[in-house]
Amino acid sequence: MSCVVKPAKTDIALIGAGIMSATLGAILRRLQPDAAITIVERLDAAAEESSDPWNNAGTGHAGLCELFYTPEQPDGSIEIAKAVRVNEQFQVTRQFWAYAVQNGMLTQPRDFVNPVPHVSFVHGAGGVDYLRRRHRALADNPLFAGTEFITDFGEFATRLPAMAAGRDPGIPVALSWAPDGTDVDFGALANQLIGYGVRHGTAVLFGHEVRTIRREPDGSWTLDLSNRRTGQTRRLNAGFVFIGAGGATLGLLQRSGIPEARGFGGFPIGGRFLRCGVPELTAGHRAKVYGAPAPGAPSTTAPHLDARLVNGVPWLLFGPFAGWSPRFLKHGRGTDLPRSVRPDNLASLLGAGIRERELVGYLLGQLRRTHSARVEALREFLPDALDRDWSALTAGQRVQVIRSGRLEFDTTIVSAADGSIAGLLGASPGASTAVPAMLEVLARCFAGRFADWLPTLKEMVPSLGTRLSDEPALFEQVWEWGSQQLQLG
C-alpha cells in the first residue's frame, strides 16, 4: 500500500532566500503578524546567490552615475527618464530601510549600507561634451540637484588620486560627482530582514529544492520539496507563492503552468570582476566610478571601479567582465538553459539569437580575455594598475529576460490572473528597487487587502504614490529622515 503524504500548510510560501523574498517576507510579516510564512531555499544559507556581496557590485542604484540610464538621442539630447525612474524607485527602497531601522526590523544599518560617492567618468573631448549635456539635463531635478560637474584635472586628482596617478593631464577628463551615493551589502541586508521574520514566526527551510509546483482545485499551490542533503521529500501547500529565486524563477514559473509565463525565455550572462585589497589602493579610491559600456556590449556590463565595504573590510572591485555558462544560477546545473526551451518560447529565443549576434560576438571576445588583458582594461581607470595587485572573482549569474524575440535588461514581475502566484525575472537594477517591486507584487496579488494595508504601507514609505521629483519639499524631508535612521548623514 502506498501512503499519501499530507502536505504541511502555510499561508505564504517564498521561494528563494535572497533580497526579494527577504523584503516581501518582512513587509508581509508587518502587514499580517499572524500569517504563516515559509521561505524555501535550495542552498544552506540565505543570500548566497545574486544577493551575496561578492556576486554583485553593491551599488545602491539610483541612476546617479550609470551612463547607460541616460542615452544620447539622435538629435543630441539626453534621455533622462530611466535615470529618474530608477532614482524614484531607490528612494522608495531607502525609505523602507529607514522605517525598518526605526522600528527595530533592522539593526546596525552600517552593517549593510555605507555612504560612498557615485561618479560618472569620461575622457576625451566627445565624452566630456556628452557628460556636460547629461549634467545639464538632470540639474533641474531635485533628486540630482547635488551632483557636481568637474573638468579640472587638479580637482579630479584631489578626489580620485589613484585614478589620476600616471594619467596624462593633457587628455580631457570629466566627472559627474554625486556625494550621496551608497554601497550596499545586500547579503547582510537580506539576512537581517529574514532574521526579523524568523523572530516573529517565519519558518525557513534551507537546503530544500522545489521539484514540482502545481495548482490545487481550491486555487492553492502544492510544492514538492526535496532535501538536497538527505534526499527526503516533503510537501508544502500555500495559498500564495512568490518566486524570488533569481535565475531559477523562470523554470519554476514554467512548471507552475500559468499562462502568463508562456513565451518568456532567459539568456544567462555570467560576471567576473577583478578584486583588490591592497590597503594603499583601497585608501586612494573611495567612490563608485562608472564609465560607458563598450560598443556592442549589454548595458549591464558598463565598466566601473567600486569602493566596497564587506564585513567591515575595504576592497576595490573592477568589472564586470562577461562570462557565459548555460547555468541559470551560480550554483545551478548545466542543463538549466536547454531545459528552459519550450514550444511557447522557442521562436522568441531564436529571434533574440538573430538580433543579438553582436552580443554573442562580444561574449566570445570576453571569454578569450586573459588576466593581463583584464588588468589592461582596468588601466583606463587606474593607469598604474599592476597585475599582481588584482585577483579574479567569479560573480553571480544574471538571466536576462527574452520576450517577443528581444533581450530585455530590466526586471519583470509575472503573476497569475488570480494573484495566487508571482515571480520576478531579470536583473538590473534589481536589488536596489526591491521595495517598489514587492509593493507591485502586493498590489497585484493582494488587491482585495491592499487598500486596508495602505496606511501601514505609507508609514513604511511616506512618499508612497508621490513622485518625489515633483515634490522637492517632501523629498528633502524623507531624505533627511532616511539619512538619520541609516546613519548616512
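1. Before anything else, a word on terms: helices (H or I, at least four residues) and strands (E, at least two) here are DSSP runs, numbered from the N terminus. Bear in mind that this is a predicted model, in which local features need pLDDT of at least 70, side-chain atom pairs count only at pLDDT 80 or more, and totals for chains, interfaces and linings use all residues. Residues are numbered from 1 along each chain as its sequence is written, and side-chain values use heavy atoms, with hydrogens and water left out.

2. The unreviewed UniProt entry carries "transmembrane region" for residues 12-28 and 236-253; its positions are given in the numbering used here, feature names are shortened, and annotations may be inferred rather than shown by experiment. In the model, residues 12-28 are 59% helix and 24% strand, and the C-alpha atoms at the two ends are 9 Å apart. For residues 236-253 the figures are 28% helix and 44% strand, with 17 Å between the end C-alpha atoms.

3. On to the holes. On a 1 Å grid over the protein atoms alone, a cavity is a set of points where a 1.4 Å probe fits but cannot get out, and a pocket is an open set with protein on both sides within 12 Å along at least five of seven lines; lining residues have an atom within 4 Å of a point. Grid points are joined across faces, edges and corners, and a volume is the space filled by probe spheres set on the points. Searching the whole structure gives three cavities of 30 Å³ or more, and the largest cavity comes to about 50 Å³.

4. What lines that largest cavity? The residues are S21, A22, G25, A26, I39, L193, I194, G197 and T202. By class the lining has five nonpolar residues, four polar and no charged (nonpolar: Ala, Val, Leu, Ile, Met, Phe, Trp, Tyr, Cys and Pro; charged: Asp, Glu, Lys and Arg; polar: the others, Gly among them).

5. The second largest pocket has a volume of about 300 Å³. Its lining takes in 21 residues, and P142, L143, D180, F475 and W479 lie nearest the centre. The elements that give two or more residues to this lining are α2 (81-102) and α15 (472-485).

6. Now salt bridges, meaning a side-chain nitrogen of Lys or Arg within 4 Å of a carboxyl oxygen of Asp or Glu. The count is 20. One of them joins D183 and R308, at 2.9 Å from N to O. That pair ties together distant parts of the chain: D183 sits in strand β7 (residues 182-184) and R308 in strand β14 (residues 304-310), 125 residues apart. Are the two partners buried or exposed? D183 is buried at 3% relative accessibility, and R308 is buried too, at 1% (buried is under 20% relative accessible area, exposed over 50%, partly exposed in between, with a 1.4 Å probe and protein chains only).

7. Two other bridges deserve a mention. R444 and E440 pair with their closest N and O atoms 2.7 Å apart; they are four residues apart in helix α13 (residues 434-445), so about one helical turn separates them. R444 is partly exposed at 38%, as is E440 at 36%. E209 and R211 bridge at 3.6 Å, N to O, with E209 buried at 9% and R211 partly exposed at 40%. Both E209 and R211 belong to a salt-bridge network that also links R42, R228 and R333.

8. Most residues other than glycine have a negative phi, and most peptide bonds are trans. The bond from G319 to P320 is cis, with omega near 0°, and P320 lies in strand β15. A47, in the loop between β2 (37-41) and α2, has a positive phi near 55° and is buried at 6%. Q487 also has a positive phi, about 60°; Q487 is in the segment after α15 and is partly exposed at 44%.

9. Last, G334. This glycine is in the loop between β15 (313-323) and α9 (336-340) and is partly exposed, at 40%. Leaving aside neighbours within four places in sequence, G334 is in contact (heavy atoms within 4.5 Å) with P326 and R327.
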